[in-house]
Structure formats: C-alpha cells, structure tokens
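Here is a short briefing on one protein model. Please keep the sequence and the structure at hand while reading.

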Amino acid sequence: YQRRVHGKQWYQRRVHGKQWYQRRVHGKQWYQRRVHGKQWYQRRVHGVAGEMLHVAQPFMERKNIHPTVVVQAFTRAMSSALERMGEVARVLDQENKEEIMDIIRATVGTKFTTRFGDLICQLALEATLAVAVDREDGKKDIDLKRYARCERIPGGNFEDCKVLDGIMINKDVVHSKMARRVENPKVLCIDGNLDYQKGESQTNIEIEHAQDWDKYLEIEEEWVKEQCDYIAKTGANVVVVEKALSDLAQHFLVKAGISAIRRVRKPDLVRIAKATGATTITRCDLATEKDIGTNCDLFDIRKIGDEYYSYFEGCKDAKACTIVLRGGSDDVLREMERNLNDATAVARNIMKDPRVVPGGGATEMAMAQYIRDQANKLSGTIAWPFRAVADALEVIPRTLIDNCGGQVMRTLTQLRAKHADPANFAWGIDGTKGTIVDMNEYKVWEPYAVKSSILKTSIESACMLLRIDDVLSGIASQRLKGR
C-alpha cells in the first residue's frame with residue numbers, strides 16, 4: 001500500500017515538474033516574441049502615451065482645466081516637437097553602405113544574432129537593395145513581404161547564409177526523365193493547372209457502347225496534348241505550374257524536352273515571374289514568346305539533406321530574391337529570421353527616408369528642451385499642459401538610465417544641462433553604463449520615420465482618450481436586475 005501511495009506521489013511530482021518546465025519554456029518563448037519586431041514599437045508608444053496621460057491628470061483633477069484645452073496644448077506641443085526633430089535629423093548618404101550598416105547594427109546589437117558578427121546586417125542590406133525599385137519621383141518602392149522570402153534549411157554553417165540573385169523553392173521536377181539542369185532557361189509561369197477541366201456543375205454522360213468510352217478518353221487526351229503543344233510552340237523549356245499537372249501532361253512535356261514543377265505557391269510563382277521576367281498566364285492557348293522569362297542564367301535542382309530545391313540563379317536585374325538561412329536547428333533558424341525581419345525593416349525605412357536622428361534618448365531630450373523654451377512664450381492656462389509634454393518625453397532617457405542601474409536624477413540633470421545648449425542635441429544615454437555620451441561617437445541612430453511615427457501615435461492616442469467624457473458599462477443594469 002505504501003509503495004502504491006509513494007508511486008502515485010512520484011508520478012504527480014513527475015507530471016507537475018514537467019508542467020513547471022513547460023511553463024518556464026513557454027514563458028521564455030512568449031518573452032522572446034514580445035521583445036522582437038512590432039512589440040518593441042508598441043512598448044515605445046505605450047510608454048510615451050502612458051506618461052502623457054500621467055502628466056495630464058493633475059490639470060483636470062486639481063486645476064480644473066478642461067480636457068479640450070489639454071488636447072489643444074498637446075497638439076501644439078507635438079507640432080513643436082516634430083519641428084525640432086526635423087532640425088536635429090541628418091540625411092544619410094544612401095551610397096555609403098557603412099553608414100546604413102551602423103543603423104542596422106544598432107537595431108540588432110542586443111539580439112541573438114549579434115554573436116555572428118555583421119552576418120544578419122549584411123543579409124538585410126543585400127535583400128533590401130535587391131528588391132528596391134526606383135520610381136519616377138525619385139523615391140523607392142520596397143516590398144520585402146512580397147518579393148523577398150526566407151528559406152530556412154536546418155544544418156550547415158552560419159557562413160552558408162546568403163542572398164541569392166534569384167529564387168529558390170522547395171520543389172523537384174515532376175518526372176525523373178526531365179532535365180534537372182538547364183542553362184539559359186526559358187521560363188513559363190502558369191497560374192492554373194495542366195489537367196483535364198472538370199465541369200463546373202454536375203455532368204451526366206450516357207455511354208451505350210464500349211467504343212464511346214474509348215472516344216471520351218481520347219477527347220481528354222487530345223485536350224491535354226493540345227495544351228502541351230501550345231506550351232512547346234512558345235519555346236519554353238522550364239514550366240512552373242501553380243496547381244495540378246497530370247501524368248498525361250508529364251508524358252507530353254517529357255517528349256517535348258520540357259522540365260516542369262507543379263503545385264508552386266502563388267507568392268513563389270509571383271517571385272519567379274518577377275525575377276525571370278516572365279508573365280504569369282492563365283490559358284496556354286494565349287501564351288506567346290513575350291510571356292517567356294529569359295533573365296535567368298541557370299535552372300538547377302540540388303539536394304540538401306533529404307529535400308530537393310529548385311534554383312533559378314543568375315537573374316539579371318532581379319527585383320525579387322530568396323534569403324537562404326542555415327543553422328543547427330529549426331529554433332535557431334526561426335530566431336535568425338525574426339532578427340532578420342527587424343533588420344530588413346530598418347534598412348527599408350532608411351532607403352525610403354534616409355533621415356536619421358540620434359538615439360539613446362537624445363532626440364527626446366532635445367524636443368523636451370525646445371518645448372520648454374516655446375512654453376515660455378505662451379500665456380494663459382494652455383502653457384501648463386504644453387510644458388508638461390516635455391516632462392512626458394523624458395520617460396525614454398529616464399527608463400534607459402533606470403534599466404542599467406544608473407542614478408536617475410543625477411544623470412538626467414546632467415543630460416538636461418548638456419541640452420541647455422542647442423548644439424549638444426546629440427548627447428544621450430549609454431544603455432550599458434548609464435552615463436551620458438555623444439551619439440555621434442557612440443553611433444546609435446534611429447530612423448526619422450520610426451521616431452516621428454512613435455511621437456504622433458503616442459500623443460494622438462493620449463488625446464483620443466482625454467476626449468472621452470464617460471464610460472458606459474452594463475454593470476449597473478446587472479445590479480438592478482439582481483435586486
């Protein structure tokens with residue numbers, strides 16, 4: 001009996017220990033997901049917006065200032081802050097890759113991939129430049145989500161990570177006799193299937209003789225052969241099909257010397273067409289030589305591990321690419337992909353808007369000092385909430401000092417003294433030591449587009465909440481029903 005009881009307790013401890021371990025693991029994964037990417041932007045917005053509401057509360061509760069006046073003051077302060085931000089911003093030379101690399105390094109400097117050096121930064125910059133398209137007005141269109149894709153392949157070394165000058169997909173040719181290597185291929189992309197079309201509605205076929213059934217099969221075979229003949233007339237030797245490709249179609253394509261890949265996802269089909277210069281078609285009978293993509297130097301099937309991959313390499317002026325990530329396990333590769341997404345987002349923002357502002361809380365302190373100077377020129381009750389915006393913006397350098405264990409009041413006072421001179425706008429907080437440093441020497445800069453978006457979203461969110469007069473809920477009605 002004691003063994004049974006002790007055995008049950010031992011089993012419970014095993015189960016509870018496993019659940020505790022799972023909670024620890026899941027908690028760590030949740031924290032990592034919160035730290036990366038979009039959550040960082042949201043935390044910055046929540047911090048500033050919360051501080052804006054905190055400084056607005058005394059004016060409405062103690063000084064009886066109407067929320068409309070507070071909102072007007074916050075809006076005017078936002079305009080002044082954006083004006084000062086534009087003054088402290090500097091324009092990067094987009095031809096100078098080292099300056100852009102400094103901005104990307106500041107983004108991924110505390111992340112997992114820092115131990116690999118500038119690998120992720122270099123990949124992000126190459127991928128962004130590969131998909132950038134110049135517009136007539138001088139700006140650039142950079143659609144990383146559509147034309148750049150990460151292909152995670154477990155195994156290999158980190159040095160094997162690279163940005164291909166073309167596209168790679170996890171597919172093999174559909175027939176063993178098809179060519180696996182084609183130089184200077186002529187690629188045709190089909191948004192459909194190469195199989196006999198079934199009726200859209202219910203179809204009944206009455207067959208009286210055995211010859212009629214053979215005739216019906218011949219009609220299907222002739223239709224598939226006709227479609228393959230249309231493809232062969234275009235001169236294509238590599239066909240990429242989004243949907244099904246029947247065995248009969250494979251037979252005719254092999255006889256014509258054409259390699260084929262089927263069941264390719266629509267985003268991959270769009271990238272292949274973009275890189276090779278092909279036009280995606282839906283009907284084979286309308287295909288012409290103009291729809292063929294000839295910008296690719298090599299089509300090759302390679303085996304990595306147990307999987308086969310199709311390479312479209314050497315694409316001339318390809319505005320689409322594939323980023324190959326190699327690592328020891330899938331978890332490592334997923335972490336690398338998250339870091340790469342952050343780095344590519346920064347590179348895209350810099351390429352679209354090359355203006356940058358000093359980081360480490362320097363921009364917030366410069367805006368706070370400018371708002372205080374402008375508040376001295378105002379009169380009336382609006383000057384008080386206008387000046388309070390400066391105190392709210394100091395939450396960023398204050399948090400940086402607090403996070404690294406520095407003396408908040410002393411360091412913040414030193415930083416205020418530095419920013420009393422407008423020429424010292426680049427002085428901020430060293431996030432490691434908690435001391436004040438010059439960001440020109442520390443090389444921590446942030447994109448102007450991101451910083452201005454954080455400021456606008458924070459102040460506008462606080463103003464929206466301040467405009468709410470009252471909140472109606474169903475609690476009172478539920479209490480009445482209970483009585």
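Met168 stands opposite Tyr311 in S12. That pairing is a way into the sheet described below. The model is predicted. The protein has 17 helices and 17 strands. Of its 483 residues, 42% count as buried. Among contacts with a separation of 6 or more, 73% join residues 24 or more positions apart.

**The four-stranded sheet**

- Four strands build an open sheet, and their order is S6-S12-S11-S7. The pairing is antiparallel.
- Strand S6 (167-169) and strand S7 (181-183) are the edge strands. Each of them pairs on one side only.
- Neighbouring strands in this sheet are turned against each other by 25 degrees on average, with direction ignored.
- Helix H9 (residues 266-276) packs on the sheet and touches S6 and S12. The direction of H9 makes about 150 degrees with that of S6.
- Strands of a sheet pair through backbone hydrogen bonds, either parallel or antiparallel.

**Strand S12 and its partners**

- S6 and S12 pair in the antiparallel sense, over three bridges.
- Strand S11 (residues 298-304) and strand S12 (residues 307-313) are also paired in the antiparallel sense, over seven bridges.
- Arg302 has Tyr309 of S12 as its bridge partner. Ile304 stands opposite Glu307 in S12.
- S11 and S12 form a hairpin with two residues between the strands. In this hairpin, Gly305 takes a positive phi near 70 degrees.
- S12 is largely enclosed by the rest of the structure, because five of its seven residues are buried.

**Helices H3 and H12**

- Helix H3 (residues 67-88) and helix H12 (residues 383-393) have axes that come within 8 Å. The axes cross at roughly 50 degrees.
- That angle makes H3 oblique to H12. The crossing of the two helices is right-handed.
- On the H3 side, the contact is made by Val70, Ala73, Phe74, Arg76, Ala77 and Ser80. On the H12 side, Pro385, Phe386 and Val389 take part.
- By class, the contact of H3 with H12 has seven nonpolar residues, one polar and one charged.

**Helices H13 and H14**

- Helix H13 (residues 395-403) and helix H14 (residues 408-419) pack at an angle of about 135 degrees. Their axes are 10 Å apart.
- H13 and H14 are therefore oblique to each other. H13 passes H14 in a right-handed crossing.
- H13 contributes Pro397, Arg398, Ile401 and Asp402 to the contact. H14 contributes Val408, Thr411, Leu412 and Leu415.
- The residues in the contact of H13 with H14 divide into five nonpolar, one polar and two charged.

**A buried serine in a loop**

- Ser246 is found in the loop between strand S9 (238-241) and helix H8 (247-255).
- Ser246 has a relative accessible area of 12%. Buried means under 20%, so Ser246 counts as buried.
- Leaving out residues up to four places away in sequence, Ser246 touches Leu194, Asp195 and Val224.

How values were computed:
Residues numbered from 1 in each chain as written. Predicted model: local features only at pLDDT ≥ 70, side-chain atom pairs only at ≥ 80, totals over all residues. Heavy atoms only, no water. Axes fitted to C-alpha atoms, helices over the stretch in contact; angles between N-to-C directions. Parallel < 35°, antiparallel > 145°, perpendicular 65-115°, else oblique. Left-handed = near helix turned anticlockwise from the far one by under 90°. Contact = heavy atoms within 4.5 Å. Nonpolar A, V, L, I, M, F, W, Y, C, P; charged D, E, K, R; others polar. Pairing = 2+ DSSP bridges. Buried < 20%, exposed > 50% of the residue type's maximum accessible area, 1.4 Å probe, protein only.
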